[in-house]
Amino acid sequence: MKTNPSFSIVVSLIAGTCLLSGCGPTENSPQTSSEQAHVATNQGSSESKKHAHEDGDDHHQTKIPGPNGGRLVVGVSPHFEFLVLPNNHAQVTFVDDDIKPIAPVDIQIRLTGGDRSNPIEVTFEKKENNLVSSAPLPRENNMAVVLQINGETIKETVFERFHLNMEKCPDCDLHEYACICAHAEHVH
């Protein structure tokens, strides 16, 4: 069987491009805070080494829930928990390194989600010791959301992207958006 030389060249070029591109983000591509934490911990950065806990717990490498069973966002300091309340409002609870709730800090959060042609935008307001969304979130089961996080203490705006999947995980019994299981996306 004879191989076409131009086919061999094309296959070689594609393979070389794949090898050179690697799996990491490009210099100019925006990262979510989870991707930044993932890259930092997997590259052994000094940031992840400075952030060791006395009890040996490293929540950057293992997924743990927030204090109320929500999604823990670790790409900003202080970390915070994102939780959808029964009334479909979103709640943000800031936590310390031991995942204990702390008083809100001066950080602004905006949620954008839903259909790209008609997205929703929700801001958060301080209520007691949390930030609560100014409006309830749509009752979509698997809505793509982006949290835009900024403030005086944050050098660059941080983006946290995830699907707000409200189904319950059969293994950890949390909502899928906050699932702490080590498996990939669930198939239901």
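Predicted model: local features only at pLDDT ≥ 70, side-chain atom pairs only at ≥ 80, totals over all residues.

Q: Where is Val 122 found, and why is Val 122 called buried?
A: Val 122 is found in strand 5, residues 120–127. Its relative accessibility is 3%; buried means under 20%, so Val 122 counts as buried.

Q: Which residues does Val 122 touch, not counting residues up to four places away in sequence?
A: Val 122 touches Ile 109, Arg 110, Leu 111, Ser 133, Ser 134, Ala 135 and Leu 137. Contact means heavy atoms within 4.5 Å.

Q: What makes strand 4 and strand 5 a pair?
A: Strand 4 (residues 107–113) and strand 5 run antiparallel and are joined by 4 bridges. Pairing needs at least two bridges, so these strands pair. Thr 112 stands opposite Glu 121 in strand 5.

Q: In what order do the strands form the open sheet, and why are strand 1 and strand 8 called edge strands?
A: The 8 strands follow the order 1-2-3-6-5-4-7-8, with antiparallel pairing. Strand 1 (71–73) and strand 8 (158–165) each pair on one side only. From one strand to the next, the twist averages 25 degrees.

Q: Why is Pro 78 called buried?
A: Pro 78 has a relative accessible area of 19%; the cut-off is under 20%, so Pro 78 is buried. Pro 78 is found in the loop between strand 1 and strand 2 (79–84). Among the residues Pro 78 touches are Phe 94, Val 95 and Ile 107. The C-alpha atoms of Pro 78 and Ile 107 are separated by 9.5 Å.

Technical notes
Residues numbered from 1 in each chain as written. Heavy atoms only, no water. Helix = DSSP H or I, 4+ residues; strand = E, 2+ residues; numbered from the N terminus. Buried < 20%, exposed > 50% of the residue type's maximum accessible area, 1.4 Å probe, protein only. Axes fitted to C-alpha atoms, helices over the stretch in contact; angles between N-to-C directions.
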